[in-house]
Every structure is written in C-alpha cells, then in structure tokens.
Amino acid sequence: MGLRANVSTFQTTLYIILVLLGIMGNTTVISVIGKSVLKNTGGGRNSDIILINMALSNLMVSLVRNVLLVISDLGLELYSSKVCCQLLMGVWVWLRSANVWSTFYLSAFHFQTLRRLAPSTGHIGLQRGAPKSLLLSLSLIWFLNYIYSIPAHVFSTRGDQNSTETLMLISSTTRPLLGCVWNFHSSFSGLAYVTTSMVIHEIIPIILMAITNLGSLYTLYSHGRASTSTLNAPTKKRVPAEKRAAKVIVALTVLFISSWGTSIISVNYYNYRRSTGNSSMVLLVLARFANTTFIALSPIVLAVGHRGLRLFIKSVLIH
C-alpha cells in the first residue's frame, strides 16, 4: 500500500465523521435545492443550479475517493488490477479538478450578477428563459477537466506492496490507494504534469477566486454609496439579497482557500523534503484532513445563507 501516515483512533474517527458529514450535507443540498429548481421556472434559479453542480462534485469526490480512504484506514487492504487503477486514477483527477473549477464558477457567476446590478441601469439582469449558456458553461467545465485527466489514465499502474509516492498530485491523491501508483516514463514528464496540475488547478483558481470576491465586495460597496435617486425599485429590493449571497460566497471562498492552501503547502513541503520523520507524517495527515474539510463544511455554510436549506433544516428539527 506504500508509505502511509500512522493515524490515531481519534484521527480516524474524526476523518470518518468529516466524510459522512460531506456525503449527507451535499446530498441534502442537491435534493432540497434541486426540488426548488424544478418547481421554480422563473428567474433567479441560475445560482441554485451552480450550487447543485458544486455540491454534486463534492458528493462524487466523497463517494469515489474519500469512502475508499476510510475503508483503507480501517485496516482493510484493497488492491486493484492495472486497468482498474488506470480508470480510478483518471476519475480521481477528473472529479477533483472539476470540483475546484465548479467552486470558482460560483464566485465568478455572482460577480457577474452584481455587475448587472449597476445603479445606472434600469433592469436587474436576471435571466428568465432556459439557462442554456449556464448549462453549456458547466458542461464545458466537466468536459475540459475530463480531457485534462486523460494523462492520469495513461500514466498510472498497479504497484507492489512496497510502492511509495514519488509524485503526489493534489488534484487526485496524497498516497497510493488500492495499490494504484503513478507510472510516468521519465522524471521530466512527471514533473511537467505535477507542475501543470499545481498551476492550473490550485494556484490559478485561488487567485481568480480572490479577485472575483474582492470585485464583488467592491461592487456592493459601490451600491451602498449610490444615492437613492440612482437606484430603481427592483435594484433596491435586490441589493440586500445580493449582500447576503456575497457573505456566503466569501465564506465559501475563504473556506476553500484555507482548505486547499493547507493541502498545497503540506504536500509540496513534504515532496521537497522527501523525509520520513514525524514531521512528514504530520504533513500527510494534515493534507488528508485539509482535502476533505471544504467538502464537509461547505453545506453548513450554504445552510446559513440559503433560505430553502434553512427552512428544510428547521422543519426536520421541529418534526
């Protein structure tokens, strides 16, 4: 199974709780908001579709990847064939990459919505028809990330019991699972893929999220300073709702950046040190928890800011 971090019973229990919380939370987000989208055929449902897409990517990562990690941590040795390893490694990279860009798309969409709420305009800018461009954009995210995951399918294989990580791609795995390891033809090709993964799926999304959220906050600040005469009635009514949405999206972005940032620093520091001491084990454990923190806690953040989710949770608690 390769190099593994020795985790305590408490750490294993906490990780299991986070994985289960991610599965139940994101399933709730998909079902509750999905039901609302199917009932509501008017405007304002585009953001809900993006939330469903983000929650779906979170759920798929939990089911396909994190559940297997839990089973492995419980002591069950799992192995797979070479063909199955190639399939799984490709799927893991695909889901993690799509998960990152799906999260960024929520921030970018809200920034665009706020720009359409300019004080000088006479309309809100919501789309009333079928969100064809939105669905096309989301489909493009999944398709392009699938293309990117093809090398992960090709350059992977089944390792032996003594296999250890020589390259750890954050968008897919921090350690061998099911005996699946990377099998690049040369160190250069492996380093090129790792570097590309880090830049495209870690550094760039985080920078873009920070920029779009700062832009959203500045736009809301501009709305607050605008005189009453320059704001039409629909815009006045919409701005408070957008402010609440901005707070939720900023909270999601901060959670995402802190989670992924911790993982990036931990894994890459481990890669460069290449040591096997206690500090390296701590880094591997830290990276494992960081990779699932956003998936587990993002539904809670959404429940605070989304009216439909709050009403559903209240009804469950009451009954």
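Is Phe155 buried, partly exposed or exposed? Phe155 is partly exposed, with a relative accessible area of 22%; buried means under 20%, exposed over 50% and partly exposed in between (1.4 Å probe, protein chains only).

## Model and confidence

This is a predicted model, in which local features need pLDDT of at least 70 and side-chain atom pairs count only at pLDDT 80 or more, while totals for chains, interfaces and linings use all residues. Residues are numbered from 1 along each chain as its sequence is written, and side-chain values use heavy atoms, with hydrogens and water left out.

The protein chain has an average pLDDT (the predictor's confidence in each residue, from 0 to 100) of 77, and 75% of the residues score at least 70. Over residues 119–130 the pLDDT is below 50, and this stretch has 28 contacts (heavy atoms within 4.5 Å) in the model beyond near neighbours in sequence. Where pLDDT is low, the predicted coordinates should not be read in detail.

## Aromatic pairs

The structure holds 8 aromatic pairs. Rings of Phe, Tyr and Trp (its six-membered ring) pair if their centres lie within 6.5 Å; planes under 30 degrees apart count as stacked, over 60 as edge-to-face and the rest as tilted. Trp94 and Trp142 are an edge-to-face pair, 5.7 Å centre to centre with 85° between the planes. Trp94 belongs to helix α3 (residues 82–116) and Trp142 to helix α4, 48 residues apart; helices (H or I, at least four residues) and strands (E, at least two) are DSSP runs, numbered from the N terminus. Trp142 is buried at 15% relative accessible area, whereas Trp94 is partly exposed at 24%.

Phe155 and Phe184 form a stacked pair, with 5.5 Å between centres and 25° between planes. Phe155 lies in the loop between α5 (150–154) and β1 (156–158) and Phe184 in the loop between β2 (180–182) and α6 (187–225), so the pair ties together parts 29 residues apart in sequence. Phe184 is buried at 14% relative accessibility. Tyr148, Phe155, Phe184 and Tyr193 form one aromatic cluster.

## Nonpolar cores

A nonpolar core is a set of buried Ala, Val, Leu, Ile, Met, Phe, Trp, Tyr and Cys residues joined through side-chain atoms within 4.5 Å. The largest has 33 residues, and those with the most contacts inside it include Ile33, Phe256 and Leu309. Its largest share, 7 residues, comes from α7.

Leaving aside neighbours within four places in sequence, Leu309 touches residues including Val29, Ile33 and Leu302. A second, separate core has 13 residues, among them Leu88, Val93, Tyr148 and Tyr193.
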